[in-house]
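Have the structure open as you read.

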Amino acid sequence: MVLWDPAAQSQGPMDTARIAVVGAGVIGLSTAVCISKLVPGCSITIISDKFTPDTTSDVAAGMLIPHIYPDTPIHTLKRWFQDTFDHLYAIACSAEAADAGVHLVSGWQIFRSIPAEEVPFWADVVLGFRKMTEAELKKFPQHVFGQAFTTLKCETSAYLSWLEKRIKESGGLLLTRRLENLWELQPSFDIVVNCTGLGSRQLAGDPMISPVRGQVLQVQAPWVKHFIRDGSGLTYIYPGASHVTLGGTRQKGDWNLSPDAQISRDIFSRCCVLEPSLHRACITKEKVGLRPVRPGVRLQKELLAHGEQRLPVVHHYGHGSGGISVHWGSAMEAARLVSECVQAHRTPSPTSKL
């Protein structure tokens, strides 16, 4: 366990805001990078009990296809997705692409019946979106409708390491520690950003967040170049830089992090139906992650009070299986909330007169 020295945190300009970001998955790290860009003159410390390659984000397949949250407005979701796509597309077109693990991938989303929305809200964000041709659909005899497009894929472990490097370069610190209560960070920090995902059940007392277990396989199948995603999102084949990810499962309320051999066989079988050539693929790894699912992403400020003490907190969690798709857009919004907290911190409140 690594502890910090409050005196060391206090060094520097008097108005330096000391910010703690709790959580080191894609949401926590991207939020920290956005804060470092938006809020000059602050010190940022990432505090987490787990860093890459041991986070939930490391299990994610990292494909940019947005998910809908019942309590998050579509226009907000589209803005977050557009910002995230633009951010990652710029990386994919740069010399940083390989280091960051970001690349373009084309493929198909296929349906057994015609969907209510033939053109989803994100169709004009991805590249080259169109309805699949009859000739393309012949590859999938059990499906009657499909969409073809090019999107981005994030090799999450590489991307998390890349984000950590950005944080360190801007003077940020990474500390390994398990917190039992956000109050442990007071008075060492002026503002806390809670990006703990499922940890928010305890740290934020939020009963609305719950796990949805996801199990995936990594296979060696270098001949598979196109992604294939069943319209339900339950079965998918996502080719990456070094392996192909096969999925998946959605097991609500299941906290089991151990891979299940029968589930692996089922995933492999379902994917082979969509892409028969996978029968020759070699399974190299089974991975399990617990998605932090909530009716809507929680992105808001809260002022914790304990007697005379105050601790401003910005909550940013609950992205479920759609975190990679919207992480940068929602992180930019979280950074704006942090900026408001910093302004309040630097502006002394007038003494009230009775």
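This report goes through the aromatic rings and then a charge beside a ring.

## About the model

The model is predicted: local features need pLDDT of at least 70, side-chain atom pairs count only at pLDDT 80 or more, and totals for chains, interfaces and linings use all residues. Residues are numbered from 1 along each chain as its sequence is written, and side-chain values use heavy atoms, leaving out hydrogens and water.

## Trp108 and Phe140

The whole structure holds eleven aromatic pairs. Rings of Phe, Tyr and Trp (its six-membered ring) pair if their centres lie within 6.5 Å; planes under 30 degrees apart are stacked, over 60 edge-to-face, and the rest tilted. One of the pairs is Trp108 with Phe140, edge-to-face at 5.7 Å centre to centre and 65° between the planes.

Trp108 belongs to strand β3 and Phe140 to the loop between α5 and β5, so this pair ties together parts 32 residues apart in sequence. Helices (H or I, at least four residues) and strands (E, at least two) are DSSP runs, numbered from the N terminus. Trp108 counts as buried because its relative accessibility is 14%, and Phe140 is buried at 2%. Buried means under 20% relative accessible area, exposed over 50%, and partly exposed in between (1.4 Å probe, protein chains only).

## Trp122 and its cluster

Trp122 and Phe149 are both buried. Together with Phe129, Phe227, Tyr236 and Tyr238, they form one aromatic cluster.

## A charge over a ring

Arg166 places its charged end over the ring of Trp162, 4.4 Å from the ring centre. This label requires NZ of Lys or CZ of Arg within 6 Å of the ring centre and within 35 degrees of the ring normal.
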